[in-house]
Amino acid sequence: MTFNELCERLKEIEETLLLELLDINSHQIVDRFHDLVEQKRDYLEDDLELDDVFNEDELEPREDEL
C-alpha cells in the first residue's frame, strides 16, 4: 500500500477512532487549528457556554500531563 492509499483509507475512518489511532490529543488539535478556534471564537464562547460544559472539578490532568 502506498502512503497516499493509506491516507485515503484513513479518511474513511470515524474521527474519534482516527484520533485515537494517531494518538492525537485535544492540545494538539487546538494548537494545530488555532486559526479555526479564532474564527469560531464567538460560537465557542457563547453558544457552547464552555463554563457550563466543563466544570473545573471534573477536569483531571491526563497521565501524560503529570
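## Terms and model

Buried means under 20% relative accessible area, exposed means over 50%, and partly exposed lies in between (1.4 Å probe, protein chains only). By that scale Glu45 is partly exposed, with a relative accessible area of 43%.

This is a predicted model, in which local features need pLDDT of at least 70, side-chain atom pairs count only at pLDDT 80 or more, and totals for chains, interfaces and linings use all residues. Residues are numbered from 1 along each chain as its sequence is written, and side-chain values use heavy atoms, with hydrogens and water left out.

## Confidence

pLDDT is the predictor's confidence in each residue, from 0 to 100. The protein chain has a mean of 84. In that chain, 74% of residues reach 70 or more.

Helix H1 (residues 3–10) has the highest mean pLDDT, 98. Helix H6 (residues 50–53) has the lowest, 59. Where pLDDT is low, the predicted coordinates should not be read in detail.

## Fold and burial

The protein chain has six helices and zero strands. Both are DSSP runs, numbered from the N terminus: helices are H or I with at least four residues, strands are E with at least two. Read along the sequence, the pattern is α-α-α-α-α-α. Of the 66 residues of the protein chain, 3% count as buried.

## Second largest pocket

A grid of 1 Å over the protein atoms alone defines the pockets. A cavity is a set of points where a 1.4 Å probe fits but cannot get out; a pocket is an open set with protein on both sides within 12 Å along at least five of seven lines. Lining residues have an atom within 4 Å of a point. Grid points are joined across faces, edges and corners, and a volume is the space filled by probe spheres set on the points.

The second largest pocket has a volume of about 220 Å³. Its lining consists of Glu15, Leu18, Leu19, Leu22, Ile24, Gln28, Ile29, Arg32 and Phe33. Helix H2 (15–21) and helix H3 (26–32) are the elements that give two or more residues to this lining. By class, six lining residues are nonpolar, one is polar and two are charged. Ala, Val, Leu, Ile, Met, Phe, Trp, Tyr, Cys and Pro count as nonpolar; Asp, Glu, Lys and Arg as charged; the others, Gly among them, as polar.

Ile29 is found in helix H3. The residue is partly exposed, with a relative accessible area of 31%. Leaving aside neighbours within four places in sequence, Ile29 is in contact (heavy atoms within 4.5 Å) with Leu19 and Ile24. Ile29 and Leu19 are 10 residues apart in sequence. Their C-alpha atoms are 9.5 Å apart in space.

Leu21 is found in helix H2. Leu21 is exposed, at 55% relative accessible area. The C-alpha atoms of Leu21 and Leu10 are separated by 9.8 Å, with the two residues 11 apart along the chain.

Asp23 lies in the loop between H2 and H3. Asp23 counts as exposed, at 63% relative accessibility. Most residues other than glycine have a negative phi. Phi of Asp23 is near 55°, a positive value.

## Salt bridges

Side chains of opposite charge can pair when their charged atoms come close. A salt bridge is a side-chain nitrogen of Lys or Arg within 4 Å of a carboxyl oxygen of Asp or Glu. A search of the whole structure finds two.

Lys11 forms a salt bridge with Glu8, the closest N and O atoms being 3.0 Å apart. Lys11 is exposed at 58%, and Glu8 is partly exposed at 44%. Glu45 pairs with Arg41 in a salt bridge, with 2.9 Å between the closest N and O atoms. Because Glu45 and Arg41 are four residues apart in helix H5 (residues 41–47), about one helical turn separates them. Arg41 is partly exposed, with a relative accessible area of 42%.
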